[in-house]
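Subject: The structure I promised you

Hi there,

Here is the structure for you to open alongside this note. Have a look around first, and then read on.

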Amino acid sequence: METLINKAEMLVEALPYIKNFYDKTFVIKYGGNAMVSEELKDTFALDVVMMKYIGINPVIVHGGGPQIGKTLEMFGIESKFVDGHRVTSKEMIDVVEMVLGGKVNQDIVTLINSHGGDAVGITGKDGNLIHAKRYKHVKKSAETNQSEIIDLGLVGEITKVDVRVLQKIDEAGFIPVIAPIGQGEQGETLNINADIVASKVAAALQAEKLLLMTDTEGVKGKNGKLIPHLTRRKAQSLIRDKVIKDGMLPKVNCCLDALKAGVRKTHIIDGRVKHALLLEIFTKEGVGTQIVEK
């Protein structure tokens, strides 16, 4: 009986959140170990389906870097990275599009649908969702200490997000699953960082929340302990002090950009935890770091 009462209390705790988030849009970047572990894949899909059934409108943006790497290796194509960006040649872009827009995207759609959801897969090229241009990566030369532009090939920088196709998908009651590929100014396919796509899509939709799933607990302080709540000012202070750095820095910047563009709350959550989405959304404690404007 005590176990049943505890379950009832958990539902009661979630009630205010369910009420507040009804008919709101949440953009979720899905990646990392949550896309690898079979158990975590299942709990992610269940979380998304539950969100939809209680009235939240989830929009999924997925990554797929490891899957791209494995496929390139199978084709005997060597991967090269510059500051975390995969240099993407014309030879590579076909593989990137095949993996992200094909297998990875459809695997996620199938998983959500197998748990009772109605998901539909698209890329940023569908419905002119993501307009982009070639990204010019500026880096200081170690030899001359001068800034230089590094050619990353077919890597994109978003110039515009046209959400009409997402609105139509939402009106039809489906869950959109977006592969992070955009169309360039010359009609070329461009590979775009999934965190950035999620941030820009959240901004264009004026989403209630942006949630970035990672393989870490969240943002940590100087003492190495998780920081559950951050304001923009505090986050910027931690960036200046180089506490937020390396792989966490671009994720926090994505959150700050989304907040500036009108997204109400952003979250960097630990995707290695079962039901991470539900725990972050419907409990006081959460499983990561919430970043807000103030």
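This is a predicted model: local features need pLDDT of at least 70, side-chain atom pairs count only at pLDDT 80 or more; totals for chains, interfaces and linings use all residues.

Residues are numbered from 1 along each chain as its sequence is written, and side-chain values use heavy atoms, with hydrogens and water left out.

**The helix pair**

Helices (H or I, at least four residues) and strands (E, at least two) are DSSP runs, numbered from the N terminus. Helix H3 covers residues 65-74 and helix H4 residues 90-114; their axes come within 10 Å and cross at roughly 130 degrees. Those axes are lines fitted to C-alpha atoms over the stretch in contact, with angles running from 0 to 180 degrees between N-to-C directions. H3 and H4 are therefore oblique to each other; angles under 35 degrees would count as roughly parallel, over 145 as roughly antiparallel and 65 to 115 as roughly perpendicular, the rest being oblique.

Which residues in H3 meet H4? They are Gln67, Ile68, Thr71 and Leu72, and their partners in H4 include Met92, Val95 and Leu100 (contact means heavy atoms within 4.5 Å).

**The salt bridges**

Side chains of opposite charge can pair when their charged atoms come close. The structure holds 15 salt bridges, each a side-chain nitrogen of Lys or Arg within 4 Å of a carboxyl oxygen of Asp or Glu. For accessibility, buried means under 20% relative accessible area, exposed over 50% and partly exposed in between, with a 1.4 Å probe and protein chains only.

- Glu39 and Lys274 meet at 3.3 Å, N to O. This pair links distant parts of the chain, 235 residues apart: Glu39 sits in helix H2, and Lys274 in the loop between strand E13 and helix H9. Glu39 is partly exposed at 45%, and Lys274 is partly exposed at 43%.
- Arg232 and Glu293 meet at 2.6 Å, N to O. They are 61 residues apart, with Arg232 in helix H7 and Glu293 in the segment after strand E14. Arg232 is buried at 15%, whereas Glu293 is partly exposed at 35%.
- Arg164 pairs with Asp162, the closest N and O atoms being 3.0 Å apart. Arg164 is exposed at 53%, but Asp162 is buried at 11%.

Finally, Lys24, Glu208 and Arg264 are linked in a network of salt bridges.

Enjoy exploring!

Best wishes
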